[in-house]
Amino acid sequence: MQDEILLNPWVNSHAEDTDPSVPPDDDKWDFVLVSGIHNAGSEKEIKRKKFLDELSKKGFTIKKIEDKKLFYGVRAPKQIFQKYQHLLGNADGPLQNPEAHHDIAVTTRIRIVNFILQNTVTPDLEKLHDLMKKKVFEAMFPLHEKEEVRQFLEEKWARWRDIFCQQPIEKIRCYFGEKVALYFAWLGWYTYLLGFAAVVGLVVFVAGITVFSSSQVSKEICEASNTIMCPLCDQHCPFWLLSDTCTYAKVTHMIDNEGTVLFAMFMAIWATVFLELWKRQRATVVTDWDLYGWDEDEEELALELINNLQHEPRKYQHSYFRSTVILLLVLVMIAVLIGIAHALVIYRVIAVALFTQSDFRFLREQANTMAVMTGAVLHYITIVIMTKVRGETWAGSRSSCFPTNNPSLSFHTSLLQVNRRVALYLCDLEKPRTFSQRENNFTMKIFTFQFFTNFSSLIYIAFFLGRINGHPGNYVRVAGKWRLEECHPSGCITDLFIQMGIIMLLKQTISSVMEYLVPWVTHKLRKKRQHPKKRRMMLGEEEEAEDPCKRQWLSNYQLNEVNIFSLFDEFLEMVIQYSFTTIFVAAFPLAPLLAFCNNLIEIRLDAIKMMRLCRRMVPRKANDIGIWLQVLEAIGILAVIGNGLVIAITSDFIPMQVYKYTYSPCMTENSTGVDCSTGYINHSLSIFRVQDFEPDTKVPKTLPGFAGDEITITECRYRDYRNDNDYSYTVQFWHIFAARLAFLILFEHVALCIKLIAAWYVPDVPQSVKNKLLERKHSNLRKELSMTVDSTDV
């Protein structure tokens, strides 16, 4: 059953909406609205009719097709687009490819119609998102059409075989709009430059492997079969030999070497160069699109006036009280996230105690490593619970901060999105004036929450692990019972390496699999559930011709839901990855390589998902990536600070240099051919008298595997710089402390100066773009002047 109705306030408007030189294009529809089949005279049917009547007053053509659902195709009258062009001029730029039957680009047409649909008000003062909450309408979407651009993108972009090919950004723009095109342009540029960082990181890592067994420090640990270390827990934990950690020490030196410092400096410069080159790339692209000076506020006001001539713009407002409340709530949320990181710390403390008392020898011997690895897995699980960004759209939110295309999704789909729900709530409290302001405010809040969710545990491992735990005989304890973890005698940087490796591998692997698998399975299930069964034909009965629109609308409806914010999750995922790649790269030089491989897959996954598995996004106009650029610049500064702190505090680079140039045999003896690191391990370990253990501590008096009193242990060693008599800090400790502080100040100032020089040296806008804009302005002024002279002569 189907019918076509003209809803138009003018008698001959259908004729006006048709170019007399072109045949009517009746199979082209701007949007499709989907509704359930409601009972005649029901409240939902009345509300639906009122909304469609409002569209009729604006001259929309509507076509109705009935299947298991009611489908309403809507087509806007040409006058709306003429008003848009009159208000904003040639707003699409010279390179857009308009449809043959219209004077305006397809993406712009969809964007205008979407704005009008979202802002059409019924006599009951309800908008479309209100009706969708009440399930009057179930979905709205623009159509994937069988046009040349789509076929090109499916054949040349959304295929795995093109994984190393350059992206057709201009075609993406023509089909999905500028916002999506700029995202893929940025992602492609980021991935391209990541290739250079990945090569350098791989070289540093391979160089570390080549000296796997040649380090003097590692040799000393492997040969320290007489160095007895203090127990790792209070109850029934044995003394142990330093030589037992030989392999761990080799792995540590593979990561913690002189190349780490150079690579951290390189990545600080790389982050700056990447952003500066992106600014140039973006300026070139948007200039070619004729959007360099585009004003988003002006366009939004124009659309408001096109939709309602009586519209009055909402004024800018600011409330210090509201801002203070929001700031306090943000701080509370950050405190909660840090508290979760503390819970992971407590887990690691208890896990070490339990593993060291296990009946399994492997768990006892590798208690610390197992606690780190299981802690990393738990950290990843908390990230999933607190963020849960993949696999859902924002349609699950019922926040008024961002009206969505399908608020009818059940509550449980977004139940675990804790960070997002809090950010949306704070966004509601803030009451921003414009859509862009809302998006920017939300972006800053959600990124802040995501950052602390992802990095709180890493910050603890990098800068606090083993530095606030006290010393034997006076340990800092959790709940007065479990003592905090100690750093391994080989250093804490390996713990950070393990944590980073597990999180990045799990996050990128599982996210990539789920990103493709969930939409694919969902699409198959929707298609199977909604596919109509063929009715059995009666003898002599002729098959009724099917409307060509029906199959197209139904196939689009069976695709996965998207909305105008679906791109946000992609940006957020990449920016978090960029944070992992830059901030702690000194501890994990393979991060750029993992990110590079992931992004090659990510680009094609996103392309396939957008072209084949999801409905068409509503295009958005943009001339940059928005507030994400400021976020990336902030991450660049954090990368300098973070890597400086990792080298100065987490790494053993500074203590080793202090030893080499102050206390080593090279300084105290007139000898040649001696490695200056000789004796470093013995120098970095302090002595503890067993008799000074706390009363509740129960430790064996002999080494495991030996019996008798002949090897009774009176002293053990631990990692610190303390005196033997009163356990106060030694002079060496203060020398190292001063050296760490001096290096940190020097590293950060040098890195920041290089960043500033690189930012100055590489102009944000290429000279060719400046000249093109200058010529354009000059040409426009000449035209204005010639028109003025002509009018004066007349």
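Phe31 stands opposite Val74 in strand E4. The model is predicted: local features need pLDDT of at least 70, side-chain atom pairs count only at pLDDT 80 or more, and totals for chains, interfaces and linings use all residues. Residues are numbered from 1 along each chain as its sequence is written, and side-chain values use heavy atoms, with hydrogens and water left out.

Strand E2 covers residues 31-35; helices (H or I, at least four residues) and strands (E, at least two) are DSSP runs numbered from the N terminus. Five of the five residues of E2 are buried, meaning under 20% relative accessible area with a 1.4 Å probe and protein chains only. Phe31, Leu33 and Ser35 point one way, Val32 and Val34 the other.

Strands pair if DSSP finds at least two bridges between them. E2 pairs antiparallel with E4 (residues 70-75) over five bridges. Three bridges join E2 to the antiparallel E5 (residues 139-141), where Met140 is the partner of Leu33.

Aromatic pairs number 41; rings of Phe, Tyr and Trp (its six-membered ring) pair if their centres lie within 6.5 Å, and planes over 60 degrees apart count as edge-to-face. Two edge-to-face pairs are listed here.

| Pair | Centre to centre | Angle between planes |
|---|---|---|
| Tyr175 and Phe176 | 4.9 Å | 85° |
| Tyr183 and Phe571 | 4.9 Å | 75° |

Tyr183 lies in helix H8 (residues 178-210) and Phe571 in helix H20 (residues 566-583), so this pair ties together parts 388 residues apart in sequence. Both Tyr183 and Phe571 are buried.

Methods:
Buried < 20%, exposed > 50% of the residue type's maximum accessible area, 1.4 Å probe, protein only. Phe/Tyr/Trp six-rings, centres within 6.5 Å; stacked < 30°, edge-to-face > 60°.
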